[in-house]
Amino acid sequence: MTTMGHLLDPEHAPTPFTAEQIREATPDGWTVQTRTHRDGVIERDVTVFRDPDDHEVTLDTPMGPLECLRYGVVGEGSAATFWFALAHPGMPVRYEAGPADAREVTEVVEYRRG
């Protein structure tokens, strides 16, 4: 097997798939069933992918307001929301996950070179 990547920017690591390939492979309603082995226990989960909002969202972040695209993923009893900043391609600048009564939030607070 050969390693192939898509170099989106000479200063970024290559990605295994283009955004177009991911969009085509995961249409609205796409469902993925997973199985996790942890400490001898098998957990199963079902995740349903939803299309992103049809507009950009301004998100207040520790780095100031950022224009973002918001993606939601719904699982059994929990949900996750990802905000991708248009000015910062790569990992989401904000991620919320978990059941409604115990959501965890992770945010990027700074970008820094080397």
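Student: What is the mean pLDDT of the protein chain, and what share of its residues reach 70 or more?
Tutor: This is a predicted model. The mean pLDDT of the protein chain is 79. Of its residues, 89% reach 70 or more.

Student: Where is confidence lowest, and where is it highest?
Tutor: Lowest is strand 2, residues 41-49, with a mean of 76. Highest is strand 7, residues 104-107, at 90.

Student: How much of the chain is buried?
Tutor: Buried residues account for 18% of the 114 residues.

Student: And what share of contacts join residues at least 24 apart?
Tutor: That share is 19%, counted among contacts between residues at least 6 apart in sequence.

Student: Core next. Which residues make up the largest nonpolar core?
Tutor: There are seven: Val-57, Leu-59, Leu-66, Cys-68, Trp-83, Ala-85 and Val-93.

Student: Which strands each supply at least two residues of this core?
Tutor: Strand 3 (57-61), strand 4 (64-75) and strand 5 (78-85).

Student: Take Leu-59. What is it in contact with, leaving aside neighbours within four places in sequence?
Tutor: Leu-59 contacts Gly-64, Pro-65, Leu-66, Cys-68, Trp-83, Val-93 and Arg-94.

Student: Arg-94 is on that list. Where is Arg-94 found?
Tutor: Arg-94 is in strand 6, residues 94-98.

Student: Is Arg-94 buried or exposed?
Tutor: Arg-94 is buried, because its relative accessibility is 16% and the cut-off for buried is under 20%.

Student: What does Arg-94 lie over?
Tutor: The face of Trp-83. The distance to the ring centre is 5.4 Å. Trp-83 is also one of the core residues.

Student: Which side chain does Arg-94 join through a polar contact?
Tutor: That of Glu-96, at 2.7 Å.

Student: What else does Arg-94 touch, not counting residues up to four places away in sequence?
Tutor: Its contacts are Leu-59, Thr-81, Phe-82, Trp-83, Val-105, Thr-106 and Glu-107.

Student: Thr-81, then. Which strand is that in, and is it buried or exposed?
Tutor: Thr-81 is found in strand 5. With a relative accessible area of 15%, Thr-81 is buried.

Student: Which side chain makes a polar contact with the side chain of Thr-81?
Tutor: Arg-103 does, at 3.5 Å. Arg-103 is also among the contacts of Thr-81 beyond four places in sequence.

Student: Switching to rings. How many aromatic pairs does the structure hold?
Tutor: Three. One of them is Tyr-71 with Phe-84. Their ring centres lie 5.6 Å apart and their planes sit at 90°, so this pair is edge-to-face.

Student: Where do Tyr-71 and Phe-84 sit in the chain?
Tutor: Tyr-71 is in strand 4 and Phe-84 in strand 5. They are 13 residues apart, and the pair links distant parts of the chain.

Student: How accessible are Tyr-71 and Phe-84?
Tutor: Tyr-71 counts as partly exposed, at 26% relative accessibility. Phe-84 is partly exposed too, at 28%.

Student: What about the rings of Phe-82 and Phe-84?
Tutor: Their centres are 6.4 Å apart. Their planes are at 20°, so the pair is stacked. Phe-82 is partly exposed, with a relative accessible area of 22%.

Student: Which residues form the aromatic cluster?
Tutor: Tyr-71, Phe-82, Phe-84 and Tyr-95 form one cluster.

Student: On to loops. Where does His-88 lie?
Tutor: In the loop between strand 5 and strand 6. His-88 is partly exposed, at 25% relative accessibility.

Student: What is His-88 in contact with, neighbours within four places aside?
Tutor: Leu-66 and Tyr-111.

Student: How far apart are His-88 and Glu-67?
Tutor: They are 21 residues apart in sequence. In space, C-alpha to C-alpha, the distance is 9.8 Å.

Student: Last one, Asp-39. What is its phi near?
Tutor: Near 50°, a positive value in a residue other than glycine. Asp-39 is in the loop between strand 1 (31-38) and strand 2. Asp-39 is exposed, with a relative accessible area of 79%.

Notes:
Residues are numbered from 1 along each chain as its sequence is written. This is a predicted model: local features need pLDDT of at least 70, side-chain atom pairs count only at pLDDT 80 or more; totals for chains, interfaces and linings use all residues. Side-chain values use heavy atoms; hydrogens and water are left out. A nonpolar core is a set of buried Ala, Val, Leu, Ile, Met, Phe, Trp, Tyr and Cys residues joined through side-chain atoms within 4.5 Å. Buried means under 20% relative accessible area, exposed over 50%, partly exposed in between (1.4 Å probe, protein chains only). Helices (H or I, at least four residues) and strands (E, at least two) are DSSP runs, numbered from the N terminus. Contact means heavy atoms within 4.5 Å. Rings of Phe, Tyr and Trp (its six-membered ring) pair if their centres lie within 6.5 Å; planes under 30 degrees apart count as stacked, over 60 as edge-to-face and the rest as tilted. A charge sits over a ring if NZ of Lys or CZ of Arg is within 6 Å of the ring centre and within 35 degrees of the ring normal. A polar contact is a pair of N or O atoms within 3.5 Å; within protein, one must be able to donate a hydrogen and the other to accept it, and residues adjacent in sequence count only if both atoms are side-chain atoms. pLDDT is the predictor's confidence in each residue, from 0 to 100.
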